[in-house]
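Subject: Handover of a structure and its findings

Dear colleague,

Please find the structure below, followed by an account of what was found in it. I would be grateful if you read the two side by side.

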Amino acid sequence: MAYERVHENLRNLKLGTLDEILDNRLNANHVQDKSFLDVLDELLEEEVQTRRANSIETRTRLSGIPTRKTLDDFDYAQQPSIDQTVISELRTLRFLHNAENVLFLGPAGVGKTHLATGLAMEAMRAGFSAYWTTMPGFIDQVQRAAKRDMLHAKLKTYTKPKLLVIDEIGYLRLDRESANAFFHVVTERYEKGSTIFTSNKSFADWGEILGDAVLASAVLDRILHHSSVVNIKGDSYRLKNRRRLTKTA
Ligand code: ADP
Ligand code: MG
């Protein structure tokens, strides 16, 4: 009777992990010499850990990040232009608590996307909401939403998360509507949420990218007010590795 009721109540309380592991954990070997409190503590801890891991997994899947590269996978020896202490500081996520922005600038293949992904992974692991997009992806979504007269609702996707990543600024020029939408997102997020931007272009080129010099300076003014700019110089990691592979071949 008690056995059935315990399992039923665990399911009623949606304690799925506990429901699954209880029989195994209650076997005599395991509970031997342990106090009731210790056993309860272990069981609850396991439920909480599993839930936390599941929620991080779901958040990561829904965030749209392109890979699961972490900051630990990043090889600083390959990229001497990066000041490791700056990345360590960013890793504390203080920038996220302070709603500051991060900009990774540099040519193709130097690790901008990797570092942005790694920081987003850290943020989600710490329980923050995050959303990933590329600028071409953003433009595409804005144009589609505008056609269906749903732009206002769509922009919430970009204004709401605590962390937004906009990768690959500079490859595509924005049309009028996308530039205005981008300005709206930047303004809404200003001093409320953090955005990580990556670009292969310098700030001087943003006028051309956004198709409007005045708008670009208003955007940059807000973005840069509270921000860390990481300038990455040097060779493409992809090319370097390819060169190394062909040499040894
Ligand atoms: P970018 O966005 O600057 O064009 P990516 O971040 O996409 O460059 O990097 C290109 C590839 O090289 C990715 O697979 C990335 O994980 C890898 N990579 C770049 N820099 C490093 C590094 N310093 N350590 C480890 N992998 C790196
Ligand atoms: Mg990239």
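On a 1 Å grid over the protein atoms alone, a cavity is a set of points where a 1.4 Å probe fits but cannot get out, whereas a pocket is an open set with protein on both sides within 12 Å along at least five of seven lines. Lining residues have an atom within 4 Å of a point. Grid points are joined across faces, edges and corners, and a volume is the space filled by probe spheres set on the points.

This is a predicted model, in which local features need pLDDT of at least 70 and side-chain atom pairs count only at pLDDT 80 or more, while totals for chains, interfaces and linings use all residues. Residues are numbered from 1 along each chain as its sequence is written, chains are lettered from A and ligands numbered from 1 in the order in which they are written, and side-chain values use heavy atoms, with hydrogens and water left out.

Cavity

The structure holds 1 cavity of 30 Å³ or more, and the space in the largest cavity is about 100 Å³. Its lining consists of 16 residues, and those nearest the centre are Asn101, Val186, Arg189, Tyr190 and Thr195. Helices (H or I, at least four residues) and strands (E, at least two) are DSSP runs, numbered from the N terminus. At least two lining residues of the largest cavity come from each of E3, H11, E4 and helix H13 (213–225), and H11 gives the most, with 4 residues. By class, this lining has 9 nonpolar, 4 polar and 3 charged residues. Here Ala, Val, Leu, Ile, Met, Phe, Trp, Tyr, Cys and Pro count as nonpolar, Asp, Glu, Lys and Arg as charged, and the others, Gly among them, as polar.

The largest pocket contains about 540 Å³ of space. It is lined by 24 residues, of which Gly109, Gly111, Thr113, His114 and Arg238 are the closest to its centre. Helix H7 (112–125), E3, E4 and helix H14 (237–248) each supply at least two residues of this lining, and H7 gives the most, with 4 residues. The lining of the largest pocket comprises 6 nonpolar, 11 polar and 7 charged residues.

Which classes of residue line the second largest pocket? Its lining has 10 nonpolar residues, no polar and no charged ones. These residues are Val6, Leu10, Leu18, Leu22, Leu26, Phe36, Val39, Leu40, Leu43 and Leu44. The space in the second largest pocket is about 170 Å³. Helix H1 (2–12), helix H2 (16–25) and helix H4 (36–63) each supply at least two of its lining residues, and the largest share, 5 residues, comes from H4.

Strands

Two strands pair if DSSP finds at least two bridges between them. Strand E2 (residues 130–134) and E3 run parallel and are joined by 5 bridges; Thr133 has Ile166 in E3 as its bridge partner. E3 and E4 also pair in the parallel sense, over 5 bridges, and the partner of Leu163 in E4 is Ser194. E3, H11 and E4 make a right-handed β-α-β unit; a crossover is right-handed if, with the strands pointing away from the viewer, the path from the first strand over the helix to the second runs clockwise. In strand E3 (residues 163–169), 6 of the 7 residues are buried, a term that means under 20% relative accessible area, with exposed over 50% and partly exposed in between (1.4 Å probe, protein chains only).

Aromatic pairs

Rings of Phe, Tyr and Trp (its six-membered ring) pair if their centres lie within 6.5 Å; planes under 30 degrees apart count as stacked, over 60 as edge-to-face and the rest as tilted. The whole structure has 7 aromatic pairs. Why does the pair of Phe138 and Phe182 count as edge-to-face? Their ring centres are 6.3 Å apart and their planes stand at 70°, so the pair is edge-to-face. Phe138 lies in helix H8 (residues 135–147) and Phe182 in helix H11 (residues 176–189), 44 residues apart. Phe138 is buried at a relative accessible area of 0%, and Phe182 is buried at 1%.

Phe182 also forms an edge-to-face pair with Phe197, with 6.3 Å centre to centre and 90° between the planes. This pair links H11 to strand E4 (residues 194–199) across 15 residues, and Phe197 is buried, with a relative accessible area of 3%. Ring pairs link Tyr131, Phe138, Tyr158, Phe182, Phe197, Phe203 and Trp206 into a cluster.

Yours sincerely
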